[in-house]
Amino acid sequence: MVTEPSSEPALAALAAKLRDHDPRAQAAALEELAEIGPPAQSLLAELRPLLDSDNGHVRLAAALALSRIDPDADAGRLLDVAAAAMLQTSFGMRAYAARILGRMGAFAAPRAPLLIERLRTDKASDARAAAAWALGRLSPHVPEAPHALI
């Protein structure tokens, strides 16, 4: 028997991963919770503190999960987490942040100018490609996005 991703046992298993000291386990659980969306609202109290994690991937995955799970989430705070990661020295972190913004959808539209800047100026091709992908995802919500992609 396959367990539904939003069932109580599945959510309990993901909550346990959130408490794990391994940032990879935490980030993976957060990504799964983002896919589950609003049915995971029972874990909001455990998700919010992860926005302050010492690990950038965990912070970004927490921002994504909260943007998908909590319709009343503090959009400014979540987008600030992603925007700060877009300015990191690690091109991998900049690329991951751009992908997270793209996955946030309309929620991330206010950060489109930062994605456009990364697309035009980032020296790392992976970060530019991720910014382009994110802008493509945001294009229905950001009128200037298609022009930046040309």
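Q: Which handedness does the crossing of α7 and α8 have?

A: A crossing is called left-handed when the near helix is turned anticlockwise from the far one by less than a right angle, and right-handed when the turn is clockwise. In this predicted model, the crossing of α7 and α8 is left-handed. Local features here need pLDDT of at least 70 and side-chain atom pairs pLDDT 80 or more, while totals for chains, interfaces and linings use all residues of the predicted model. Residues are numbered from 1 along each chain as its sequence is written, and side-chain values use heavy atoms, without hydrogens and water.

Q: At what angle do the axes of helix α7 and helix α8 cross?

A: Two packed helices are described by the angle between their axes and by the distance between those axes. Axes are lines fitted to C-alpha atoms, for helices over the stretch in contact, and angles run from 0 to 180 degrees between N-to-C directions. Helices are DSSP runs (H or I, at least four residues), numbered from the N terminus. For α7 (residues 112-121) and α8 (residues 125-138), the axes cross at roughly 145° and come within 8 Å.

Q: Which residues in α7 meet α8?

A: Contact means heavy atoms within 4.5 Å. From α7, A112, L115, I116, R118 and L119 meet R128, A131, A132, A134, L135 and L138 of α8. By class, this contact has nine nonpolar, no polar and two charged residues. Ala, Val, Leu, Ile, Met, Phe, Trp, Tyr, Cys and Pro count as nonpolar, Asp, Glu, Lys and Arg as charged, and the others, Gly among them, as polar.

Q: How do the axes of α2 and α4 cross?

A: The axes of α2 (residues 23-36) and α4 (residues 56-69) come within 8 Å and cross at roughly 15°. Helix α2 is therefore roughly parallel to α4, a term for angles under 35 degrees. This crossing is left-handed. The contact of α2 with α4 has 11 nonpolar, two polar and three charged residues.

Q: Which residues in helix α1 are buried, and where do they lie around the axis?

A: An α-helix has 3.6 residues a turn, so residues three or four places apart point the same way. In α1 (residues 8-18), A10, L11, L14, A15 and L18 are buried, meaning under 20% relative accessible area with a 1.4 Å probe, protein chains only. Seen down the axis, these buried residues fall within an arc of 140°, so they line one face of α1. The arc is that of the directions from the helix axis to the C-beta atoms. The buried residues of α1 pack against α2 and α3 (44-47).

Conventions
Helices (H or I, at least four residues) and strands (E, at least two) are DSSP runs, numbered from the N terminus. Angles under 35 degrees count as roughly parallel, over 145 as roughly antiparallel, 65 to 115 as roughly perpendicular and the rest as oblique. Buried means under 20% relative accessible area, exposed over 50%, partly exposed in between (1.4 Å probe, protein chains only).
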